[in-house]
Structures are given as C-alpha cells and as structure tokens.
Amino acid sequence: MKPHRYFTLGLVLAFGFPWLVLVVGPYAAMRSIEPVPYGESDFESAFAPENSYFPPGRAGLVAQGHRVYAQEGCAYCHTQVIRPTYAGRDRWRDGWTGRGPDWSGDEPPTEVRETTPRDYLGESYAFLGVQRIGPDLANAGWRITDEEAMHRHLYDPRSVHSWSVMPAFRHLYELRRRDGQGSDEALQLEGKLAPAEGYEVVPSAKAKALMSYLRSLRKDYVLPGSGEPGSAAVEPATSGPAVPAEAAAGTAVP
Amino acid sequence: METKEAIIANLREEHAEALARAESDRSVRLPVLFFFTNGLLWLLGSSLLGFVASMKLHNPDFLGDAAWLAYGRIHPASTNAFLYGWVFQAGLGAALWIMARLCRARLSGIGVLLTAGHVWNIAVTIGVAAILLGEGTSFPWLDFPAFLWPVLLLTYAVMAAHLLVLYRARRSEEVFISQYYLIAAALWFPWAYLTANLLLHVFPGAGVMSAAVNAWYVGTVLLLWAAPVGLGTAYYLIPKIVGKSIYSYQLALAGFWMLAMLGGWTGVQSLKGGPLPAWIPAVSGTATIFLLIPMIAVAINLHRTVKGNHHLVNYSPTLRFATFGAVAFNLLIVTGALLSLFSLGRVTQFTYAESAVHFIGLYSFFTMTLFGAIYFIVPRLVQCEWRSGGWIRFHFWFSAYGSTAVVAALFLAGVSQGIDQARPYEGFRGSVEVSSAYLVGRSLGWVFIFLSNLMFFFHILLMVFRLGRRSGQATLLHEMEKELSAHGVNA
C-alpha cells in the first residue's frame, strides 16, 4: 500500500470507530425502543391502553407546541433534565421536581426522580437543552396551575418577576376588538399592559400549542419494572407516593 | 568551493521555484479573496447579532420586544452566522492557499469553486434569515431549516474537493503536517454533517439520542474541523515567520493522530448526568480529558520552533495573532478537560461556562489564528502591503481584549450561576442576579470585538481594491530599525 493509502485508511478508522460506537449504534438502539406496558399480568390494564403504557402517549397540540418551543429557541435557556444526585442537585431545586417547602402547586403523586431515556420516547428531538439561563422545565407541567397566569408570564415576564430576563413573547398573542362579554381566554392585563377600552389580548394558536406542550412536560411516571410501588400496576397518575410526602419534600434539610 | 555553473543552476532553480509559487498563488487568488471577504462580512454581522444577544441577557427589553430580536432567535442566528458564514469560509480560504503553496500546484477551473462559494453564502443567508423569522430548528449549531442541509453539504463537498485536487496534483514528494491537518478536516466534516443531519432530519424519533448526536456534532466541529484547520494553519505560519523548520516532525505526527483518534468521541460530555446511557457522556468526557496529551505535543512543538525568536511577535502581525491562537488552543483543551470532570462539571454544567469553552475554541483560538493567516496571505495575493501597522495593532488589541473579556465574563458568570443553582430549595432569582454584572462585561467585550472587526474589514477592503502600500517591505507592527536602534542594537 502506498503511504497516502495508509493515511486515508487512518483517517477513516480514527473517525469511523467513534462514529459507529458512540453515534450510529446507540441512535439505532434508542430508536427501536417501544413503549412498555404496565402490569401485563393485570387483566384490567390490558384493556386500558390509555393508562397502561409507559410513557403515556401524547395527544393534541403537544407536537405542535414542541415545534413552537423550537422556533422560539426556548431550549437555549431552558433544559429538560433532572440530573441524578451524583451529577448535580437538580432534585432539590424548588419546583423543578414539583415539590419544595414553599411549593404551592399540585403535588406529584410519587417521589420525583431523575430523568431517564424512556421519558423522551417518541419525541422527534429531545430538547435536553444547553444552558439554564432560566429554570429547568422537565416537570414544568406540574408548575403551571393556572394557564391564564402562565400566558401572562409569557406575554410580559417582568410583570410577574421583575428580575426575569425572559423575552416578552408578545408576538404569540393577538390584540383584538372585544366581542360582547369578551373571550374566556383573554389575558387579565392590568396597569400599563392593559389594552385600550373595548380591546382584549388573547393567545394565538401558537401560544395555545406551546401551553399544551409545556403542560405535558412531566417526568414523574413510575418506571415499569422498577420495583417501586405501582410499577406493576396501572394508572401511575393516581398511585400513592413511594415515600412519605414529608421525607420526599426533604424538609429535613437544615 | 562552488563553481560558477553551480551558482547559476542554483539561481535558476530558485527562480523557477518563485515562479511556481507565484503561479499557484495566482490560481487561487479569486476564491481565497472571495472566502476571506465574505467570511469577514459574516463575522461582522454575527458580532453585531452576538452583541444584541448578549445585551438581551442583562437588559431584556433592549431594542424592544420584536419577535426576531428575542434571545431565542438572535442567539442561534448569531452562532450559525458565525460558524457557517465566517469559520468555514475563512478556514476554506486559508486551507486552499496553504494547500496550493505546499503542493506547488495550480488550481484550474475556479468557476465551479466560485459558484459553490456563492451558493454557500446564499444558503447561509437564507438560513440565518429563517432563524430570525422563527423557522429555526433549535438544534445547537444545526439551526438552519431542514431543506438547507443538502445544499450546504453539496457546496461544501465541491469546495473541499478542490483541496483534494490540489493535494493529488502536488509536485513535491514531501507531505507536510499542515497538509495532514487540512485534508483530515476537509474529509471529516462532511461525514459528521451528513450523519447529524440524516439522523436528526431524516430518521428522527430517537428521543434523547437526538440530543446526544447533536452534542457530538458540536464537539466534532470544534475538535475535528476548527482544531485541525487552526492547527494546520499555525503549523504553516509559525515556522515560516520564524524561518525554521518544525522542531520535531515525529511529535507533530503523534499529536495529529492522537487528535484524530480522540476528537470523534467528544462532545456528549455536555450531557453528563442526562437521561442517556451513562457510558456515552463518560466516554466523551474521558476523551476530552485525554486530549491534553496531543495538546502538550502541539504546545512543545510550536514553542520549541519559536524558541529564541519570541521577540518577532513585536513585528510580525501574523506571528502575533498565530501565537495568541496557539496559546488559546491550550486553554480550549484545558478548560474542556476541567469541565468534563464530574466534580467541577456538576457546578458548571448548563451554565455560561460551557459556552465560554466554545467561544475560546471558535474565537480566541480559531479566529485569531485565521486573522494571522489573512495578514500573511492577502498581501501575497494582491501585490501590495497592509496600509498601516497602527491599524493592525488596533485590530489585535481590541480583538485580544474583547475576546478575553468575553471568556472571563462567561466563566465568572457561569461559575456564580452554577453555585447559586446548586443551593437546595432556593428560587431562581439569585442565579439570574448573581451573573448579571458579568454579562454586562461580556456585552462590553462584544463591542470591542465588533470595533476591531470593523477596522479589519475596512483594511481588507482597501487591500482587495489594491489600495494598500506599494512596497517590497511587509507592513510590521512596529518599525524594526527604529525599535532596535532605540534599544542600542545596530540593525
């Protein structure tokens, strides 16, 4: 072989090996993972497909909201990762796992865990994110208790938190003439944000899709076969907490 | 004793050499100038976008709340304009010229190359506009809408093929280390780009692995495109200016193959602790740490080559920029290795510190080295010298100061943000406020970068229009005779 053949071969091998082992192999493997049914032995669960697969299917506007999330570049400031304890303290951040001493939102039913590959099954692209300029959104679904308030947050973040650096997504909302009593969806804007008399601000189709996506974000389902209570049963959303609520909330932390 | 005939034969040979050099220079003149000037225009544009993006993070209502100026759009627009507009074009321009020189080869038929260059620029323009208009994909460094990647891949292939044509037509037996680096980069990038785009756009649906492939692509562009092109350029320029050959050819080869074997594993460490099979980020992080070995090989080699001639950085703009770049390469690898550690990474992961590493790689190292190359190459293409040493000094100091300020601000902001976010049961406010002051510093850094590039763009435009100095003497940063006599040395 001529020297330049060795050179080319070297280039191909040096790059081809990691390409195959690190990229193509795991990608193909991850793509072929199927949703896992809960409790196959359970007669009832076999006939309740909407409750009995992990992860549960996503419906409606969620996929469109995923696209809006991409278009607006949300993933450049927000992650969707709860790291395990050895890699960070994400599970102890207020609200990131849906709990905390000052937490007033809904309680996730089980102890919120770190994220796993299966949580993102079926997403065309998992927006794990690159930076936390804003808070993690892995469990944002639990934090949004009032859609109208969340829309106001997106419309004008500084009116909710004066210190926020999030862009004001005014372009996702429409200013229109109020019709009769006005829309149920109209934002309750006050002060200088309030529209002129006879007008109202309502979320556009994009804003509604984004909201649908954000509300779908929760990584708290019991993993099938994990041995946790409920892991072999149906209806993960209503199964009891794996640990007493107090301990899970970590109130023992000084 | 040399005979008269031998001397004449020698002179003839030198003359033939000079003619061949001039011919190969002339054959690549148009495409190289095309890539440099277009690249610099993109650099200027992306500096402006980068400045606005930076302002938005401490002053979110800066320039109002127009949709196309929101951080989520202007930040990826700036990054992609910088990467595909400047980094690739500048790299290809320098690679073409160096390859033509080292191969003593001529490029015929530049029409195809120039056409590809035009298509590339149009595609990048459409891509950046699409991101600003809200059609981006939010795949880091692959933000252009899906229909553009085949165009970019094809035009890149055409441009890189010209490098291979030059290499195949080489007239010298010797193969230089720069050629290794440039050929390797030319071949690896389309492979990585094709893989990433096929997997993300054509075969989507792999959930977390899509993010991992994206992170791998970022690592690959950094270490298997920017690094080899930057190092190949430095390995050409530095010995040339110093007038010595490379200290150790064996060491250079060892460094090259180490980078080649490790670079393809890197990138995914940015997702350590993420919902991936844990071995993937672990392997990536390990490879990033092992990169310290080729870094040491390169550092020793370049340092030994310059040894005893360090004072030349006072005179040669090329050497000054290239030295800055070579030092920044070490910083890139060292900071990359540090952030790959779990101990430090748990604080710096997902903070500004990670973008500091990318900034070092693409700006402090790659861009500064390429500035050095442009200062070397352009006078040889347009037959006139740079207008003013003062302007070059301005360019150097504003770039050096600006990029260092950005890097320092990003690290400080990142670490303070990371420490705040590691506090249990605290709200998010602290991490925003604690990093805010550093981000003001970063915006200032961007102002310096923008001004320096504005000056440089103006300078290169004068050169392209042949308005440089008509002189046989290269423009130096300082007049050498004056300086030396001031120090009591007879020039």
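Visitor: Among the contacts in chain A between residues at least 6 apart in sequence, what percentage join residues at least 24 apart? After that, please look closely at helix 12 of chain B, residues 352–382.

Guide: This is a predicted model, in which local features need a pLDDT of at least 70 and side-chain atom pairs count only at pLDDT 80 or more, while totals for chains, interfaces and linings use all residues. Residues are numbered from 1 along each chain as its sequence is written, and chains are lettered from A, with ligands numbered from 1, in the order in which they are written.

To begin with chain A, 68% of its contacts between residues at least 6 apart in sequence join residues at least 24 apart, a contact being two residues whose C-beta atoms, placed from the backbone, lie within 7 Å. Chain A has eight helices and four strands, where helices (H or I, at least four residues) and strands (E, at least two) are DSSP runs numbered from the N terminus. Read from the N terminus, the order of these elements is α-β-α-β-α-α-α-α-β-β-α-α. Of the 254 residues of chain A, 40% count as buried, a word used when 20 or more other C-beta atoms lie within 10 Å of a residue's own, whereas 12 or fewer make it exposed and the range in between partly exposed, with C-beta atoms placed from the backbone.

Where the two chains touch, chain A gives 59 residues and chain B gives 67 residues. On the side of chain A, helix 1 (3–31) and helix 3 (62–71) each supply at least two residues, and the largest share, twelve residues, comes from helix 1 of chain A. By class, the side of chain A that touches chain B has 37 nonpolar, 13 polar and nine charged residues; here Ala, Val, Leu, Ile, Met, Phe, Trp, Tyr, Cys and Pro count as nonpolar, Asp, Glu, Lys and Arg as charged, and the others, Gly among them, as polar. For the complex, the predictor gives an ipTM of 0.91 and a pTM of 0.91.

Chain B itself averages a pLDDT of 92, with 97% of the residues scoring at least 70, pLDDT being the predictor's confidence in each residue, from 0 to 100. Among the elements of chain B, the lowest mean pLDDT, 59, belongs to helix 15 (residues 480–486), and the highest, 97, to helix 3 (residues 111–132). Where pLDDT is low, the predicted coordinates should not be read in detail.

Now to the part you asked about. B:Phe350 has a positive phi of about 65 degrees although it is not a glycine, and B:Phe350 counts as buried because 30 C-beta neighbours lie inside 10 Å.

The axes of helix 12 and helix 13 (residues 389–421) of chain B come within 8 Å and cross at roughly 170 degrees; axes are lines fitted to C-alpha atoms, for helices over the stretch in contact, and angles run from 0 to 180 degrees between N-to-C directions. Helix 12 and helix 13 of chain B are therefore roughly antiparallel to each other, since angles over 145 degrees count as roughly antiparallel, under 35 as roughly parallel, 65 to 115 as roughly perpendicular and the rest as oblique. Among the residues that meet are B:Phe359, B:Tyr363 and B:Phe371 in helix 12 of chain B and B:Val406, B:Leu410 and B:Phe411 in helix 13 of chain B. By class, this contact of helix 12 with helix 13 of chain B has 16 nonpolar, seven polar and no charged residues.

A further partner is helix 2 (residues 71–103) of chain B, whose axis comes within 10 Å of that of helix 12 of chain B and crosses it at roughly 40 degrees. Helix 2 and helix 12 of chain B are therefore oblique to each other. The crossing of helix 2 and helix 12 of chain B is left-handed, the term for a near helix turned anticlockwise from the far one by less than a right angle, clockwise being right-handed. In this contact, B:Phe82, B:Val87, B:Ala90, B:Gly91, B:Ala94 and B:Trp97 of helix 2 of chain B meet B:Leu362, B:Phe366, B:Leu370, B:Ala373 and B:Ile377 of helix 12 of chain B. These residues divide into ten nonpolar, one polar and no charged.

B:Arg104 has a positive phi of about 55 degrees although it is not a glycine, and B:Arg104 is partly exposed, with 16 other C-beta atoms within 10 Å.
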